[in-house]
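Please keep the sequence and the structure in view while reading.

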Amino acid sequence: MAIVTIVAVAAALLSKVVAVAQAGAIAGILLFTLAVLGRLEHRSAAERFVAEVGPLEPEKYAPAPVPDVENATRWIQKGIESVSFENDAVGQEGDRVWVEKCGTEGPDAIPAEKLPLVRAALARNEAAFADVEKAVALARSSWNIPYEDGAEAKLPKLLDGMRAAKALACDARLAIFDGDTVRATRRIEALGRMARAYEEEPVL
C-alpha cells in the first residue's frame, strides 16, 4: 500500500470523528491508524518478497556444507591471505600500486624503471598464486559464511580478494608479454576459479 494511500485512508477515518473527538483523541487515533496501516504495508511487502524472491530467514540461503578437502575456497582464501606488498602504508608508493596498474592496464602501462619492482613483487607472491591455483581442480566451493547470523554475519574480505586478483592478472599479463603461455594459462584458470567461487556464494 503506497504512502499516499495510507495518508488518504488515515484522513478519511479522521474526518468521521472530528465532530465528537477532542484534539488529543484525534491525534491518538491518527497515530494508531498510521501504525496499523504501516504494519499492513510491512506485511504486504514481506509477502511480496517471499512470493517473488524467497524466504525471509537468511539461513535458508546458505549453500550445502562443503568438506575442506573438496572446498576450493580453502586454497583461494589461503592464497589471498598470503599476498603481500612492500611499502604499502598510506602515503607510500609501494609495489602494490604498480602491480595493480599492471593487472588492470597491462605491462605496457608500467614505466620501464618500475617493471623490476613489479616482477620482484610477483616473484615474492609466487607461493600465494600457487595456493590459488590448487583450487582449480576442485569443483565445489563455500566461504563458510554464518548465514544464521543475518546482518551480523562475517563476510570474506572482498578488498583483499580484489587485490589478489589484480596481482594474478598482472602476472598473467606479464607471462603473455614474456611469451610464457603455460604460466599465463595457469594464472587465468586460477582467476576464473576465484571468480566462480565468489559467484557461487549467494550473498557475494
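## The segment after helix 8

Glu201 is found in the segment that follows helix 8 (181-199); helices (H or I, at least four residues) and strands (E, at least two) are DSSP runs, numbered from the N terminus. Glu201 counts as buried because its relative accessibility is 2%, where buried means under 20% relative accessible area, exposed over 50%, and partly exposed in between (1.4 Å probe, protein chains only). Residues up to four places away in sequence aside, Glu201 touches Pro63, Ser142, Trp143, Ile145 and Tyr147; contact means heavy atoms within 4.5 Å.

## Basis of the model

The model is predicted, with local features needing pLDDT of at least 70 and side-chain atom pairs counting only at pLDDT 80 or more, while totals for chains, interfaces and linings use all residues. Residues are numbered from 1 along each chain as its sequence is written, and side-chain values use heavy atoms, with hydrogens and water left out.

## Overall organisation

The chain contains eight helices and zero strands. Its order along the sequence is α-α-α-α-α-α-α-α. Of its 204 residues, 33% are classed as buried.

Among contacts with a separation of 6 or more, 71% are between residues 24 or more positions apart. The accessible surface amounts to about 12200 Å², and carbon and sulfur atoms contribute 61% of this area.

## The loop between helix 6 and helix 7

Asn144 is placed in the loop between helix 6 (126-134) and helix 7. Most residues other than glycine have a negative phi.

Glu148 belongs to the loop between helix 6 and helix 7. With a relative accessibility of 56%, Glu148 counts as exposed. Glu148 and Tyr61 are 87 residues apart in sequence, and their C-alpha atoms are 9.4 Å apart in space.

## The disulfide

How many disulfides does a search of the whole structure find? The search finds one disulfide, defined as a pair of cysteine sulfur atoms within 2.5 Å. The disulfide joins Cys102 to Cys170, with an S to S distance of 2.5 Å. This pair links distant parts of the chain, as Cys102 is in helix 4 (residues 95-105) and Cys170 is in helix 7 (residues 158-178), 68 residues apart.

The link of Cys102 and Cys170 is right-handed, with 90 degrees about the S-S bond. Cys102 is buried because its relative accessible area is 0%. Cys170 also counts as buried, at 0% relative accessibility.

Lys101 lies in helix 4. Is Lys101 buried or partly exposed? Lys101 counts as partly exposed because its relative accessibility is 28%. Apart from neighbours within four places in sequence, Lys101 is in contact with Gly106, Ala109 and Ile110. From Lys101 to Ala167, the C-alpha to C-alpha distance is 9.3 Å, and the two are 66 residues apart in sequence.

Phe177 is a residue of helix 7 and counts as partly exposed, at 47% relative accessibility. Phe177 touches Pro107, Asp108 and Arg119, when residues up to four places away in sequence are not counted. A C-alpha separation of 8.9 Å is found between Phe177 and Gly106, which are 71 residues apart along the chain.

## The largest pocket

The largest pocket holds about 260 Å³ of space. On a 1 Å grid over the protein atoms alone, a pocket is an open set of points where a 1.4 Å probe fits, with protein on both sides within 12 Å along at least five of seven lines; lining residues have an atom within 4 Å of a point.

Which residues lie nearest the centre of the largest pocket? Of the 14 lining residues, those nearest its centre are Gln77, Glu81, Trp143, Leu155 and Pro156. By class, the lining comprises five nonpolar, five polar and four charged residues. Ala, Val, Leu, Ile, Met, Phe, Trp, Tyr, Cys and Pro count as nonpolar, Asp, Glu, Lys and Arg as charged, and the others, Gly among them, as polar.

Conventions: Accessible areas come from the Shrake-Rupley method with a 1.4 Å probe; for residues, only the protein chains shown count as cover. Grid points are joined across faces, edges and corners, and a volume is the space filled by probe spheres set on the points.
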